[in-house]
Amino acid sequence: MQRDLFTEDHEAFRELARDFVEKEVVPHYPDWEKGGRMPREVFQQMGALGMLGMAIPEEYGGAGMPDYRYNVVLQEEAARALVTLSTVRTQLEVILPYFLHYANDEQRKRWFPGLAAGELLTAVAMTEPGTGSDLAGMRTTAVRDGDDWILNGAKTFITGGMQADLVIVVARTSTDPDNRRKGLTLFVVEDGMEGFTRGRELEKMGCKVQDTAELSFVDVRVPAANVLGEQDEAFGYLGHNLPQERLTVAVGSVSQARSAIAAAIDYTKDRKAFGTPVASFQNTKFELAACSTEVEAAQAMLDRAVALHVDGELSAADAARVKLFCTEMQQRVVDRCLQLFGGYGYMMEYPIARLYTDARVARIYAGTSEVMKVIIAKSLGL
Ligand SMILES: Cc1cc2nc3c(=O)[nH]c(=O)nc-3n(C[C@H](O)[C@H](O)[C@H](O)COP(=O)(O)OP(=O)(O)OC[C@H]3O[C@@H](n4cnc5c(N)ncnc54)[C@H](O)[C@@H]3O)c2cc1C
């Protein structure tokens, strides 16, 4: 269906993104999957092309255009080429907003140029071995000591954690018996700080081009100058930024489901069974027609949410609805498309297999489908 989300500027950016993905990502992707990450130089290349600093103010080397639709375009172009942009997506869409919203002037000067140039890689560490969905239950602590904070705790499932130069760590700095959401603070932990170590790189079923790490903090001395935003207020910051994180997952889900259909159409036109192309069976046509309808329905919902988000009006409950619907749709569509590949669909050399294994986590990270339902139910007064 025709979309009215983008302007000429976005379409010009799309050309740049498409060209970059085709030339600089697709040919190297299998190697990156084997290596478990995208090389740092690619971030620098993207930085040089201005792709990482769209939202960063011009005085720090960015383009000064904080328009979420550029992020949408980048993800769509990656999905179109049957790849993902690894931790770039997390950096741009999940982590950068924390810096943009909460960094003070001194921190902006210190970090923004490196973020725009792709010299500084980042991660955000909320989840702990003992708690994920229940963020207020986290156990990592920071205790004030003169001009520093002493940080202790462990985080897990951290995207980009192995490569990150800056990790935004959420830690408890005080407890309020009447309000367990109060008392969390954001700390920017830098590579090389004593006591900060990276543990195992976790082996995942999909998303092979991005590393996922365990991080440990033992008496890490973090200067007070590395506190992001106000002390004790981080739960509110997470609440503010999680809707965009969820939207981001939904953008990936819809664009990857769309790519699964395109891949299935190509394959079934070529593959023959009983002497005729698989695409000629009515079942194939009906399956792909149904999948296409699901994708268009999700796209309409998603585009509406993106427009609301650009206007600063996307509610937490609506972001949850969009993530729930789009990620579950992706799972259904990719599974049905894979079925049309027969045995080849199960082989990792076919991109549909990667789309399938990559898709599974969309219903889990950035808040599970069940947590999305909790948020939606609350908005219904339940
Ligand atoms: C590949 C990957 C990358 C990730 N990247 C990051 C990252 O960069 N940074 C980061 O901080 N985290 C990251 N995460 C963590 C992710 O956000 C959590 O895994 C997720 O929020 C779920 O938390 P959990 O794993 O502790 O599950 P749990 O909270 O233990 O949930 C277990 C089950 O209980 C259900 N459940 C929980 N609460 C409720 C409830 N109230 N009602 C009904 N059911 C409930 C859940 O839906 C789930 O089915 C990543 C995870 C993965 C897999």
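**View 1. Glu128 sits in the loop between strand S1 (122-125) and strand S2 (141-145).** This is a predicted model, in which local features need pLDDT of at least 70, side-chain atom pairs count only at pLDDT 80 or more, and totals for chains, interfaces and linings use all residues. Residues are numbered from 1 along each chain as its sequence is written, and side-chain values use heavy atoms, with hydrogens and water left out. Strands (E, at least two residues) and helices (H or I, at least four) are DSSP runs, numbered from the N terminus. Glu128 counts as buried because its relative accessibility is 6%. Buried means under 20% relative accessible area, exposed means over 50%, and partly exposed lies in between (1.4 Å probe, protein chains only). The side chain of Glu128 makes a polar contact with the side chain of Thr140, at 2.7 Å. A polar contact is a pair of N or O atoms within 3.5 Å; within protein, one must be able to donate a hydrogen and the other to accept it, and residues adjacent in sequence count only if both atoms are side-chain atoms.

View 2. A polar side-chain atom of Thr368 lies 2.6 Å from an oxygen atom of the ligand. For Glu370, a side-chain N or O atom is 2.6 Å from a ligand oxygen atom. Met126 uses its backbone: an N or O atom there lies 2.8 Å from an oxygen atom of the ligand. Taken alone, the ligand exposes 980 Å², and the protein buries 63% of that. Accessible areas come from the Shrake-Rupley method with a 1.4 Å probe; for residues, only the protein chains shown count as cover.

**View 3. Arg3 and Asp303 form a salt bridge.** Side chains of opposite charge can pair when their charged atoms come close. A salt bridge is a side-chain nitrogen of Lys or Arg within 4 Å of a carboxyl oxygen of Asp or Glu. The count comes to 28 salt bridges. In this one, the closest N and O atoms are 2.7 Å apart. The pair links distant parts of the chain, 300 residues apart: Arg3 is in the segment before helix H1 (8-25), and Asp303 is in helix H8 (residues 282-310). Is Arg3 buried or partly exposed? Arg3 is partly exposed, because its relative accessible area is 29%. Asp303, at 11%, counts as buried. Both belong to a network of salt bridges that also includes Glu11, Arg14 and Arg18.

**View 4. Arg37 and Glu201 form a salt bridge.** Their closest N and O atoms are 2.4 Å apart. The two residues are 164 residues apart and link distant parts of the chain. Arg37 is in the loop between helix H2 (29-35) and helix H3 (40-48), while Glu201 is in strand S6 (residues 196-201). Arg37 is partly exposed at 24% relative accessibility. Glu201 is partly exposed at 35%.

**View 5. Tyr344, Tyr346 and Met347 make a nonpolar surface patch.** Its area is about 360 Å². Patches are made of residues with over 30% relative accessible area and no salt bridge; like charges are joined within 9 Å, and nonpolar side chains (Val, Leu, Ile, Met, Phe, Trp, Tyr) within 5 Å. Tyr344 is in the loop between helix H9 (316-339) and helix H10 (351-359). With 37% relative accessibility, Tyr344 counts as partly exposed.
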